[in-house]
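Work through the following exercises with the structure open beside you, and try each task before you read its solution.

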Amino acid sequence: MEWRRLIRNIPELYVETVSDTIEIKGITDKSSEVQEGYIFVAIQGFKTDGHKFISEAAERGASVVVGQRPIEQETIPYVHVNNTRKILGQLAASFYEYPSEDKLVIGVTGTNGKTTTGLFLRHLLRKEGYSVSFFGTVFNEVNNERSKSDLTTPNSLMIQKALAESEDQVAVIEVSSQGLEQFRMEGMTFDYALFTNLQHDHLDYHNSMDEYFLAKKKLFDLLKSSGKAVINEESKWGKKLTNLLVDEEKTVITVGEDDQFTRYRLENSSRGICVIGDRTYEISLPLPGKYNLANLSLALTVLSDLQHDLTNVSELMKDMDVIPGRFEVYELSDRVSGIVDYAHTAEALQALLPTIRELYSDYRLVHLFGFRGNRDISKREKMLEVSKQYSDEIVLTLDDLNGVSVEEMEKEYNRFRERDMTDKVSVILDRTLAVSQLVEEATEPTLIVLSGKGHEDYQQDFQLSAKSDKETFLLFTDHKRLS
């Protein structure tokens, strides 16, 4: 593609230092990937600065370099811009001919529920005959080929290239606040933008809840002219978002327990009612709890707006695939069962643990979880208080350390244990060792809830060599492996 065509919608790149007829063969922000005729976009990252690799990019044959810092060398055309992350997205979209314009694109944002809502959508859309690409926390999938996901929201180059290569009719994308702040969705346009909730999280990245909210709102600025916002209003943040978008004259569909367009009501932990417009649907939930009914209601609202009949929704959801790390249940011994769940905020635990209490009322509930090092410490006390409310016993275990020493985290845990007036809190740093001890010592029906990591692998090794919470529990389905 010629430079002049590539930058036709990017006024910031109109410069005299680059010939209009330079042929651009590719774009990258990694100097090691540069080939003859590529544009190298220098990103000032959190750990490395791409501007340090401009000389390497030039040696590899880059035709143009785009950066946001003045440089002295001028061996190849250099374009100085205000924000290279933003320009990278715009270049990628243009190079791949704006692929989101030709598909039905659905973005899902919120603190919790993005993955569940996105996979509910993927399942229901496929049931209605659509081919669906999915980009999210647990995997990416294009043209029925699944790959590992490294980020909740892919970078702008990856998503534009993947959509251009996709033969699928629909793309469902989990959109994180960090992804929006880092312009990974730049150049994308959405037919539907869904908001699940906003809860206390990521305040190590965002300075306040208001900043966190405004980051989430950026998704709704990317709606197509005919695009629609679908918002769960069961919090002040959902209501605030609705009001802002209505003021901006965007089309908004509201979801909640009151008088919104879509109303939902939990009958018991596994059954609910969803009323969309003048139609009422009785639903057997694929995952228990009101929060999962809320997530499903968001997905159903999109399907209803696309004019699909949902009368048999419970039947449609019967063969829903297990969602990795979301309420996964395991039998660990004659007396002990386990649940793996990704819940990692106080609000998520407030939704998860009462649901478990209702379903497993005859069990002693033991909650295993930990805190991530170098992350938002202001939510730790709240998480522990919620756990105390519903658990019979709490075991604090290691989560990702992120550079914090084991000794430092152990001291933090012991401070919580020493302040505990309920005498429920103990500390066993190794998750697999903690589960082993609980299984061996159980004398009554016991349920172990292992939360916080869900589908994710551990960043550090644990004593029994498990790589994840799921694998930790699988170790106990064959006791010989523990002997």
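The exercises below concern a predicted model, and each solution goes step by step.

**Exercise 1. Describe the open sheet of 4 strands: what is its order, and which strands stand at its edges?**

Step 1. The order of the strands in this open sheet is 1-2-3-4, and the pairing is parallel.

Step 2. Strand 1 (26–28) and strand 4 (78–80) each have a single partner strand, so one side of each is left without a neighbour in the sheet, and these two are the edges.

Step 3. On average, neighbouring strands of this sheet are turned by 20° against each other, if direction is ignored.

Step 4. For the pairing inside the sheet, take strand 2 (residues 38–41) and strand 3, which run parallel and are joined by 3 bridges. Phenylalanine 40 has valine 65 of strand 3 as its bridge partner, while the bridge partner of valine 41 in strand 3 is valine 66.

Step 5. Helix 3 packs on this sheet, where it touches strand 1, strand 2 and strand 3, and its direction makes about 155° with that of strand 1.

**Exercise 2. Decide which residues of strand 3 lie on one side and which on the other, and whether they are buried or exposed.**

Step 1. Recall that in a regular strand the side chains alternate between the two faces of the sheet.

Step 2. In strand 3 (residues 64–67), Val64 and Val66 are on one side, whereas Val65 and Gly67 are on the other.

Step 3. Buried means under 20% relative accessible area, and by this cut-off these four residues are all buried, so that both faces of strand 3 are covered.

**Exercise 3. Describe how helix 3 and helix 5 are placed against each other, and which residues make the contact.**

Step 1. Two packed helices are described by the angle between their axes and the distance between the axes.

Step 2. The axes of helix 3 (residues 84–95) and helix 5 (residues 156–165) come within 9 Å of each other and cross at roughly 15°. Angles under 35 degrees count as roughly parallel, and helix 3 is therefore roughly parallel to helix 5.

Step 3. The crossing in which helix 3 passes helix 5 is right-handed.

Step 4. Helix 3 contributes Leu88, Gly89, Ala92 and Ala93 to the contact, and helix 5 contributes Ser156, Leu157 and Gln160. Sorted by class, the residues of this contact are 4 nonpolar, 3 polar and no charged.

Step 5. Now look at serine 156, which has its place in helix 5. With a relative accessible area of 3%, serine 156 is buried, and apart from its neighbours within four places in sequence it is in contact with Leu88, Gly89, Ala92, Phe183 and Arg184.

**Exercise 4. Find out how many residues of strand 10 are buried, and with which strands strand 10 pairs.**

Step 1. In strand 10 (residues 190–195), 6 of the 6 residues are buried, so this strand is largely enclosed by the rest of the structure.

Step 2. Strand 5 (residues 104–109) runs parallel to strand 10 and is joined to it by 4 bridges; here glycine 107 has alanine 193 of strand 10 as its bridge partner.

Step 3. Strand 11 (residues 223–232) also pairs with strand 10 in the parallel sense, over 5 bridges, and the bridge partner of phenylalanine 190 in strand 11 is leucine 223.

Key: Residues numbered from 1 in each chain as written. Predicted model: local features only at pLDDT ≥ 70, side-chain atom pairs only at ≥ 80, totals over all residues. Heavy atoms only, no water. Axes fitted to C-alpha atoms, helices over the stretch in contact; angles between N-to-C directions. Parallel < 35°, antiparallel > 145°, perpendicular 65-115°, else oblique. Left-handed = near helix turned anticlockwise from the far one by under 90°. Contact = heavy atoms within 4.5 Å. Nonpolar A, V, L, I, M, F, W, Y, C, P; charged D, E, K, R; others polar. Buried < 20%, exposed > 50% of the residue type's maximum accessible area, 1.4 Å probe, protein only. Pairing = 2+ DSSP bridges.
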